[in-house]
Structure formats: C-alpha cells, structure tokens
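Open the structure in your viewer and keep the selection panel at hand. The stops below say what to select and what is there.

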Amino acid sequence: MTATKEPIEERRTPESYAIFLRSKRKIILTGSETEDEAREAEKQPIQMPSFPKFISVHEQRVHMKQKLAAGFRLMAKYGWDEGVAGHMTFRDPEYPDLFWVNRFGQYFGHIKASDLILVDHDGKIVRGNATVNKAAFMIHGAIHAARPDVICAAHTHSMYGRTFSTLGRELLPISQDACAFYGAHALYPNFGGVVFSPEEGKRLVNALGTTNKALILQNHGLLTTGKTVDEAIWWFISMERCCQSQLLAEAALPNGHKDLIVIDDATARGVYHNIGDHQAGYMQFQPMYDMIVKEQPDLLE
C-alpha cells in the first residue's frame, strides 16, 4: 500500500494522533459525582497539546533555559555524560546571533538553568563567568551560523550512538521509531580528532546539509538539531535508542544488517511524515520534561 504524499501540515491534524471529540454518552459515576456534576463534566473543553505562548522575550528565554537544563539532567540520568565531553546549545530568542551553552566541566546532573553561559559566534563569553568547551563552540557555532532554522543542537558521547557510529553508515528504517529519521539524517564519515578548528566545524555543517535534523559523526557519536529545545533533545534520546535497537537486532542475526527486515521506502516516508516532524518531536519530549522536573525541581533555578 502506497503512503500518501500530502504535506506534513495537512497530515498533522489532531484526529490523526489523538482522540479529542467529546462523547454523546450520558453517564453518572456512582459514588464520585452527582447528576449535576456529571452534566458539568460533559461540558468541560478538551485540552489539546500546543506550543507555549509567551508574554515577553524574558519569559521565553527563561523557559528555554529550563528546558535545556532538563535535557542535561535527562542525559545524566540515562548515563550519557562522559567527563567534560558533550554539549547542548540554543539560540537566544532576542539575540539570534548569540547562543546559550553549558559551562565547561560541569556535571550534567548538576546543571541548572542559571548555570548556562551566553556566547557569541566568535566564541566570546557575553554572559556568565565560566569557561566553555572549545569543541562545543566549533561545532555548535558553525551550525547556528549556517542553519538559521536550527534553534537547538545536542551532542553527547552516548554509548550506543558512538558504538553505532563506528559502522560508518546511517540508521535503517527497521522500526516505527527509526522511521522518524528516515531521509532526515546523514553520516559525517571523516573523524579528524577533537573538533578544535573552524574548518572541521564547516565540514560537519556541510555533512548535515540544509534540511537534515541529525548527523552520525563517524567514530564519534550523534548530533541532533531542532526548531525547539524540546525537539532537539527528544531526537537525541530517540536516535540513541534507535542505534541501540539496530545494534541488538544485527547482533541477533547470522548476517548482521543484511538479514534485517527493512520497512519499504513508501511506508517509511509515510511514517516519517506522522512522527518525524517538528511538532511530533516537541510533543514527545513533554512527558520526559514533566518527569525530570518532578524528580529534580532544582534544575529550574
């Protein structure tokens, strides 16, 4: 069966992913509500998930910093921190030529919103009093400069991502989740050591391309991007798990990846349009954000 080629905006309608209509069935939950309370409950509007709205750029900035801090806490919770390696950034909503980043050497599990450092595209510190990982600037600075659509970028040395990166190939559409990256990620095949030069940053950007949301850095790890902080972090979490899934599947087969049952092109593209767009990435992150804030509320400080 051939997947439809409708634009993402037309496919991303509420009825395609959620039940949202109020039933006409009239009931009373005996023991917990009166008839008047039951009728009132039937009139309550259904709350639809949506992007937040802000009354000021300050409110938006605080919100984004808290989301990034939550992302770092999640990375630590899942064991994806590695010494001083790893960094995530987001473009400031008021000054888009500046971006916020974690300070050098701070444990992901201790990062608060107030710990983030604001830097410019020349690698100079605008706000904050701590140093910044040079590789973070070289990679993220190049991405933010070349891709104005990228608001956030995430990169850590996660176990399955860096292991999968040694295979020198892209993810295959072997599951519904993997289809979220189908045709939307690329491979950077040249590992040149720690990224300390502008030239290496430019090569990474060229490999990422103008539309891809993720990059597999060969012999290095994963890098994901998004139009929201939420989206970029979710894609990293999901891509890491997809790498784990494919590694496990290949290890279970006599001929490795050659024996995998791969989803056909038309179906994979159709699934991508349903679960791989910006809104889907944003929505997927919300349960994780709620969870980590409840567990570690100090991240919001």
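Select Cys243 and look at its sulfur: the closest cysteine sulfur, in Cys242, is 7.2 Å away, which is too far for a bond. A disulfide is counted here when two cysteine sulfur atoms lie within 2.5 Å, and a search of the whole structure finds zero of them. Cys243 is buried, with a relative accessible area of 0%, and Cys242 is buried too, at 6%. Buried means under 20% relative accessible area, exposed over 50%, and partly exposed in between, with a 1.4 Å probe and protein chains only.

This is a predicted model, in which local features need pLDDT of at least 70 and side-chain atom pairs count only at pLDDT 80 or more, while totals for chains, interfaces and linings use all residues. Residues are numbered from 1 along each chain as its sequence is written, and side-chain values use heavy atoms, with hydrogens and water left out.

Next, select Leu68, Phe90 and Phe181. Of the 47 residues in the largest nonpolar core, these three touch the most other members. Such a core is a set of buried Ala, Val, Leu, Ile, Met, Phe, Trp, Tyr and Cys residues joined through side-chain atoms within 4.5 Å. Elements that give two or more residues to this core include α3 (57–77), β1 (87–91) and α7 (229–251); the largest share, eleven residues, comes from α7. Helices (H or I, at least four residues) and strands (E, at least two) are DSSP runs, numbered from the N terminus.

Stay on Leu68 and show its contacts (heavy atoms within 4.5 Å). Not counting residues up to four places away in sequence, Leu68 touches partners including Phe90, Trp100 and Ile233.

Move along to Val62, in helix α3. Val62 counts as partly exposed because its relative accessibility is 32%.

Finish with the second largest pocket by selecting Phe54, Gln60, Met64, Lys227 and Thr228, which lie nearest its centre among 16 lining residues. On a 1 Å grid over the protein atoms alone, a pocket is an open set of points where a 1.4 Å probe fits, with protein on both sides within 12 Å along at least five of seven lines; lining residues have an atom within 4 Å of a point. Which helix gives the most to this lining? α3 does, with four residues.
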